[in-house]
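Try each task before you read its solution.

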Amino acid sequence: ADWELARRGLVINLACGDYVEACHPFLDADPLLDAATYVAAALAGFLSAGVRSSAYLPLPCSVALSNEPARLARAALVAFALPFFAGLVSNALFRRQQYLYRQNQQRLY
C-alpha cells in the first residue's frame with residue numbers, strides 16, 4: 001500500500017507540481033522526516049528568495065520558466081535532498097530496530 005501511495009505522489013509531483021498533499025501520510029508517521037521536510041522547506045525558501053516562477057507547474061517547467069533557473073533548481077534540490085536523506089536514515093534506523101527486536105525475541109525462545 002505504501003508503494004502505491006508513494007508512486008501516486010511521485011506521479012502527482014512530476015505531472016502537477018503538487019508534492020505537499022501527496023506526502024502527508026508519510027510525514028504523520030515519521031517525526032524525523034516531518035522535521036527534515038520543514039527545515040528543507042525553510043532552506044529552499046531562503047535560497048529561492050526573489051526568484052519568480054510558479055508552484056503549480058511540473059518541476060522541470062517551473063525551473064525552465066523561472067527568472068533565475070539555477071537558483072530555483074538549487075533550492076528544489078535542497079527541498080528534495082534533505083527529506084530524502086532523512087527518510088533513508090529513518091528507514092535504516094527502523095530496520096535496525098526491527099532486527100534487534102527479532103534477535104532479542106529469538107534469544108527468549
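This is a predicted model: local features need pLDDT of at least 70, side-chain atom pairs count only at pLDDT 80 or more; totals for chains, interfaces and linings use all residues.

**Exercise 1: two helices**

Work out how helix α3 and helix α5 run relative to each other.

Step 1. The axes of helix α3 (residues 31-47) and α5 come within 8 Å and cross at roughly 165°; axes are lines fitted to C-alpha atoms, for helices over the stretch in contact, and angles run from 0 to 180 degrees between N-to-C directions. Helices are DSSP runs (H or I, at least four residues), numbered from the N terminus.

Step 2. So α3 is roughly antiparallel to α5, a label for angles over 145 degrees.

Residues are numbered from 1 along each chain as its sequence is written, and side-chain values use heavy atoms, leaving out hydrogens and water.

**Exercise 2: valine 78**

Find where valine 78 sits and what it touches.

Step 1. Look in helix α5 (residues 69-108), and there's valine 78.

Step 2. Its relative accessible area is 24%, so valine 78 is partly exposed (buried is under 20%, exposed over 50%, partly exposed in between, with a 1.4 Å probe and protein chains only).

Step 3. Leaving aside residues up to four places away in sequence, valine 78 touches Ala40, Leu43, Ala44, Leu47 and Pro83.

Terms used. Contact means heavy atoms within 4.5 Å. Angles under 35 degrees count as roughly parallel, over 145 as roughly antiparallel, 65 to 115 as roughly perpendicular and the rest as oblique.
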